[in-house]
Amino acid sequence: MFVKSLIHPTRYAFPNLPKTFQLTRKMSVLVKSLKYSKHGEPVDVMEIVEGQLQDPKDNEVLVKVLAAPINPADINTIQGKYPVKPKFPAVGGNECVAEIIAIGKNVSKLTTGQHVIPFATGLGTWTTHAIFAEEQLMPVSSKIGLAEAATLTVNPCTAYRMLKDFVALQPGDCVIQNGANSAVGQAVHQLCRAWNIKSVGIVRDRPDIASLKEYLKSQGATEVLTEEEIRTSTLFKENHLPRPLLALNCVGGKSATEVSRHLADKGVMVTYGGMSREPVIAGTAALIFKDVSFRGFWMTRWTKENADSPERIHMFTELCELIEQGKFVAPVHEMVPLQKFKDAMAAVLDFKGFAGKKFILDMQN
Ligand SMILES: NC(=O)c1ccc[n+]([C@@H]2O[C@H](COP(=O)([O-])OP(=O)(O)OC[C@H]3O[C@@H](n4cnc5c(N)ncnc54)[C@H](OP(=O)(O)O)[C@@H]3O)[C@@H](O)[C@H]2O)c1
């Protein structure tokens, strides 16, 4: 088959070959993928599997994956505790940034050398190389950093939708969230700053709480309190800040109940995570006297229901502009060589807590 790539198939072995060598014969790329064939703990069931990739078909592209994060949902999916059930054997991972190295002859919107991120969900991104259909990918400017691009499609989009879709927030309004140092939480603070919304973050206490508070404020948080401090805080009672119209719940349990107590009349709490593994319990008084509402949000569902919508394109455009303007950065993270995936995966849902960073697999090392 003829492939429009300008990269020679054996270029990996012979890097001095000219970049513009026209490909006219079959190419074969060695691929290493993090795969699993049954549910279980990632350390037990995930393994690096080697294989070969052949030419992309006419409407497909061959990519070299550069970086791919490990999100809590990826671990839950491997454990079999997530509503997304992959077919086995499955490649883990749902996000990445990749570089296109070859395109099929009918591919019209993407080209070699471009950086791309998934436009579809559940592609299986923990792999050094992959072949995807053109419409499953979206180009991003190579001016966007690898960590920002690799982590764009899940957490920033979740933060964006939760801030846009439940309450019509105006500049000066206030939002409160627990798990405020999570990747979603960091995105919420930065978007609130960009949109002139006040954001109050609640985090668990820890030895280095002062530096965490300082970091989250540098991202745009108006105020950061520990779970203990919010219980006795007069921040809203004494009108230092307007009562929040929106609360974002990453944690559940007592933390969620406490946060919901601070909502304004007819305020809305949106639950998107359950990190404490405790149910959400609504305070009776808040329900009766303030008529607060409890809603849920799942990015995967929103993406399926809005796959080709103008809102989705607008969201990605706005997020990419903020990144290019330096107003939105990746969550605190560590790049981890693919070979060291086990340590990183064990740390993601370590319930002793305080991992304090997102692990991003460096797929080419
Ligand atoms: N619904 C959706 O569409 C959607 C989208 C994206 C993410 N999520 C969910 O949102 C949550 C956060 O995701 P992420 O990628 O932002 O995670 P992350 O960056 O790994 O952060 C995890 C957060 O959870 C906190 N945490 C962990 N264990 C906790 C516990 N026992 N009690 C209280 N807090 C705890 C951590 O705080 P410490 O520093 O105190 O440990 C940290 O703030 C996950 O549950 C994820 O599945 C949902």
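The entries below go from strands to backbone details, then to rings and a cavity.

**Entry 1: the model.** I am working from a predicted model, so I read each entry below as a computed value.

**Entry 2: strand pairing.** I started with β1, residues 29-36. Strand β1 runs antiparallel to β2, residues 47-53, and I count seven bridges between them. On another side of the bookkeeping, β1 also pairs with β4, again in the antiparallel sense, over two bridges. I then picked out Lys35 to see who faces it. In β2, the residue opposite Lys35 is Glu47; in β4, Lys35 stands opposite Val91.

**Entry 3: a cis peptide.** Where does the cis peptide bond sit? I found it joining Phe88 and Pro89, with omega at about -10°.

**Entry 4: positive phi.** I looked up two residues other than glycine with a positive phi. For Asn196, phi is near 60°. Asn196 is in the loop between α5 and β10 (198-203). Is Asn196 buried or exposed? Its relative accessibility is 52%, so Asn196 counts as exposed. For Asp291, phi is about 55°. Asp291 sits in the loop between α9 (284-290) and β14. Its relative accessibility is 41%, so I noted Asp291 as partly exposed.

**Entry 5: aromatic pairs.** How many aromatic pairs does a search of the whole structure find? It finds five, and I wrote up two of them here. The rings of Tyr82 and Trp298 have centres 5.8 Å apart and planes at 75°, so I filed this pair as edge-to-face. Tyr82 comes from the loop between α2 (72-79) and β4 (90-91), while Trp298 comes from the loop between β14 (293-296) and α10 (299-305), so the pair ties together parts 216 residues apart in sequence. Trp298 is partly exposed, at a relative accessible area of 29%.

My other pair is Phe119 with Phe316, which is tilted: 6.4 Å from centre to centre, with 50° between the planes. This pair also links distant parts of the chain, 197 residues apart. Phe119 lies in the loop between β6 (115-118) and β7 (129-133), and Phe316 is in helix α11, residues 310-324. Both Phe119 and Phe316 are buried.

**Entry 6: charges over rings.** Phe119 turned up again here. Arg312 lies over the face of Phe119, 4.0 Å from the ring centre. I also found the charged end of Lys164 over the ring of Trp195, at 4.3 Å from its centre.

**Entry 7: the cavity.** Last, I searched the whole structure for cavities of 30 Å³ or more and got one. The volume of the largest cavity is about 30 Å³. Which residues line it? I listed Pro156, Ala183, Gln186, Ala187, Gln190, Phe328, Val329, Ala330 and Pro331. Helix α5 (residues 183-194) gives the largest share of that lining, with four residues. By type, the lining divides into seven nonpolar, two polar and no charged residues.

Methods: Residues numbered from 1 in each chain as written. Predicted model: local features only at pLDDT ≥ 70, side-chain atom pairs only at ≥ 80, totals over all residues. Heavy atoms only, no water. 1 Å grid on protein atoms, 1.4 Å probe; cavity = no way out; pocket = protein on both sides within 12 Å on 5 of 7 lines; lining within 4 Å. Points joined across faces, edges and corners; volume = space filled by probe spheres on them. Nonpolar A, V, L, I, M, F, W, Y, C, P; charged D, E, K, R; others polar. Phe/Tyr/Trp six-rings, centres within 6.5 Å; stacked < 30°, edge-to-face > 60°. Buried < 20%, exposed > 50% of the residue type's maximum accessible area, 1.4 Å probe, protein only. Lys NZ or Arg CZ within 6 Å of the ring centre and 35° of its normal. Pairing = 2+ DSSP bridges.
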